[in-house]
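Visitor: I have a model open and would like to talk through a few of its details. Could you take me through it?

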Amino acid sequence: MDILLRFVLRVAITVVMMIIGGRAGAAAPTDPSGTWLVEDGRARIRLERCGPSRERICGFIVWMKEPADKRGQPYRDKENPDADKRARALLGHQLIMGLQATPEGRFAGDIYNAEDGKFYSVSLWRESADRLKLKGCLIKFLCQTQTWQQTLDVLPGQLVGLTGDLNGPRADKEWAAVPAPKPIQVKTK
């Protein structure tokens, strides 16, 4: 009888916690970190934690189906409004800029489009363990959603190094440096 009472009590506590938790509001977003094949198959994007406390999501082009033009030269970010970035190769550059978690359990912020050199609003979320939804908007009413597929293999030409390393993508200046944690000061008497 004592075992049955404990079981019923545990179930009741679990149900109450689920009800209270459900009313608490925001769902925690599922971490989208990983490498993703975009819907049209032209590129793979690595999503990873970034920012001073690693609470944001940044994304980098780590593979392109066609990384070079007809002359064999890497495609460049020639439409970038920042003249200093126009000579950088598209392969390895940052296109998702520090997305923040939202109350809806998604990550939202800006994505850079190298084809026109502009930034657009974007939100993303895991649809399932191996599928990511990305919704981009020109303005609030002009939006498009894509499904990205997670990849675990490595293709020829894919950048596999850590961000900032020789064979890895390169973060934009504002996302490149993560401040070192402040040392803990211990007072002694």
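Visitor: Let's start with Ile96: buried or exposed?
Guide: This is a predicted model, and in it Ile96 counts as buried because its relative accessible area is 0%, where the cut-off for that word is under 20%.

Visitor: Which residues is Ile96 in contact with, leaving aside its neighbours within four places in sequence?
Guide: The contacts of Ile96 are Ile45, Leu47, Ile57, Cys58, Gly59, Asp110, Ile111, Leu124 and Trp148. As for Asp110, its C-alpha atom is separated from that of Ile96 by 6.2 Å, although the two residues are 14 residues apart along the chain.

Visitor: Where is Ile96 found, in which strand?
Guide: Ile96 belongs to strand S4, which covers residues 94–101, and S4 pairs with S5 in the antiparallel sense over four bridges. Within that pairing Gln100 stands opposite Ala108 in S5, and the hairpin of S4 and S5 has five residues between the strands, with Gly105 taking a positive phi near 85°.

Visitor: Moving on, how many bridges join S5 to S6?
Guide: Seven bridges do so, between S5 at residues 107–113 and S6 at residues 118–128, and the two strands run antiparallel. Asp110 has Ser121 in S6 as its bridge partner, while Asn113 stands opposite Lys118 in S6.

Visitor: And what about the turn there, which residue has a positive phi?
Guide: That is Gly117, at about 70°, in a hairpin with four residues between S5 and S6.

Visitor: Zooming out, what do the eight strands form?
Guide: They make a closed barrel that runs S1-S2-S3-S4-S5-S6-S7-S8 with antiparallel pairing, and the twist from one strand to the next averages 30°.

How values were computed:
Residues numbered from 1 in each chain as written. Predicted model: local features only at pLDDT ≥ 70, side-chain atom pairs only at ≥ 80, totals over all residues. Heavy atoms only, no water. Pairing = 2+ DSSP bridges. Axes fitted to C-alpha atoms, helices over the stretch in contact; angles between N-to-C directions. Buried < 20%, exposed > 50% of the residue type's maximum accessible area, 1.4 Å probe, protein only. Contact = heavy atoms within 4.5 Å.
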